[in-house]
Amino acid sequence: MSDSTTRASTAPLGGRFWAFWSASLASNLSDGVAMIAVPWLASSLAPDHAALVAAVATAGRLPWLLLALPAGVLVDRVPRLTLMVSANTLRLLLWALLALVVFSDWASIPLLAAFAFCFGALEVCYDTAAETTVTSLVPPDRLERANGHVRSGAIVAEEFAGRPLGGFVLALGLFVPFLFNIAALLVSVVALLRVRATAPTAPSAADAPAPRERRGLAGVWADVVEGVRAVWRQPLLRAVAVIAVFVNTAYATMLSTQVLFVRDTLGLGSAGFGLLMAFAAIGGIVGGQLVSWLRSALPHGTLPTLCLAGSGLLYLLVAAFPLTPVVAGVYFLSGGLVLGYAVAMTSIRQRITPDHLLGRVNAAMRTVSWGMSAVGMAAGGVLVAALAPALGQTDALRVPYLLVGVISLAVVAVFGRRLVGLVREHDL
């Protein structure tokens, strides 16, 4: 390990980054509470209509498919911290309005779906801007550490704080969790205002070419096309997007059926399912904290490929040995590898993309990831249903894990060496 690499792995990230991290932590805490409170509210409004409850969840995810690319244009056109402050301020006001609606007993499924869509749209703007803003807070060689802290903090806030808190305060009233959301988002806005107030006078990418001014819908479309072309014309980004099409689709088939796998194949109840998710979350936290060290310890460019290969082998292990101790261990290790891959590729993308295109490039990559995840989730249920008559429900639920393992290893076999070479060539 070189002296410069050692300094990068130990140098402080600075007060502005930690204020930004605090804002993200508070925002993720709000998201974690919402993940429990909104579905529970939907189920109380339509207790015997699973399709209506699912419609609310779909409305919350739909903006990632419909609005991510335009949001990327917005991120590249307006000051990013101002956009984040505005998005969370609007979310705060919407949560207050929803709390009033629920308290007054005016809530309905269509109204809740409309709120969920609005929250989702603001989340798209906030998350895209946040991922783009990190590059202005820390030097390029510290991005793995910064992104690792942000991703690990998100897991802690959502999985270990937000969700249990949301479930606990629901007992006090259906509107009470939304009051916690208001408080958390207020903390986030205050922290973001501190980051913005201490911003340096010089832009973070003064040498980047300024984008030409475009107006109207035609201008938005031109900006979207420019962002998509930037991904396709950059060899490393293009390779990562192609890999995401295969891996994310396969991975989503597993995500959409894993609750049934835990219940029917492993024979566990809700407590067991929650414990397995905790193993995965803890693994993700560990992985997020180790990414920077692993990048410097491993041969340059090999970390993403090794994460893909390792997670593929682990999921094959689950398919072959569907035993609770095996699955718990795999979830812990794969949680670290999956987050490690995500942090590594996010950091590389931030380093190699010109600042004036970064919002649109991030949005384009998220569109690919979330879009293929939606396809994979639908395909997972169809796959298991089709195989259950021949294999039985228990064994059919092992097939998505087999699929993830096979496709991940096939991707490594086909793209692995090229991916290593592209990282070495472009991520200097």
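Visitor: How are helix α5 and helix α8 directed relative to each other, roughly parallel or roughly antiparallel?

Guide: Two packed helices are described by the angle and the distance between their axes. In this predicted model, local features need pLDDT of at least 70 and side-chain atom pairs count only at pLDDT 80 or more, while totals for chains, interfaces and linings use all residues. Residues are numbered from 1 along each chain as its sequence is written, and side-chain values use heavy atoms, leaving out hydrogens and water. The axes of α5 (residues 80–103) and α8 (residues 176–197) come within 9 Å and cross at roughly 165 degrees; α5 and α8 are therefore roughly antiparallel (an angle over 145 degrees, on a scale from 0 to 180 between N-to-C directions). Helices here are DSSP runs of H or I with at least four residues, numbered from the N terminus.

Visitor: Which residues make up the contact of α5 with α8, by class?

Guide: The contact of α5 with α8 divides into 18 nonpolar, five polar and two charged residues. Nonpolar covers Ala, Val, Leu, Ile, Met, Phe, Trp, Tyr, Cys and Pro; charged covers Asp, Glu, Lys and Arg; the others, Gly among them, are polar.

Visitor: Where is Arg194, and how accessible is Arg194?

Guide: Arg194 belongs to helix α8 and is partly exposed, with a relative accessible area of 46%. Buried means under 20%, exposed over 50%, and partly exposed in between, with a 1.4 Å probe and protein chains only. The C-alpha atoms of Arg194 and Ala23 are 9.7 Å apart, although 171 residues separate the two along the chain.

Visitor: What is the phi of Asp105?

Guide: Most residues other than glycine have a negative phi. Asp105, not a glycine, has a positive phi of about 65 degrees. Asp105 is found in the loop between α5 and α6 (109–133) and is exposed, at 69% relative accessible area.

Visitor: Is His356 buried or exposed?

Guide: His356, in helix α14 (residues 355–391), counts as buried at 14% relative accessibility.

Visitor: How much space lies in the largest cavity, and how many residues line it?

Guide: A cavity is a set of points on a 1 Å grid over the protein atoms alone where a 1.4 Å probe fits but cannot get out; lining residues have an atom within 4 Å of a point. The largest cavity holds about 90 Å³ of space. It is lined by 13 residues, with Arg295, Gly301, Leu303, Pro304 and Val423 nearest its centre. The lining comprises seven nonpolar, three polar and three charged residues.

Notes: Helices (H or I, at least four residues) and strands (E, at least two) are DSSP runs, numbered from the N terminus. Angles under 35 degrees count as roughly parallel, over 145 as roughly antiparallel, 65 to 115 as roughly perpendicular and the rest as oblique. On a 1 Å grid over the protein atoms alone, a cavity is a set of points where a 1.4 Å probe fits but cannot get out, and a pocket is an open set with protein on both sides within 12 Å along at least five of seven lines; lining residues have an atom within 4 Å of a point. Grid points are joined across faces, edges and corners, and a volume is the space filled by probe spheres set on the points.
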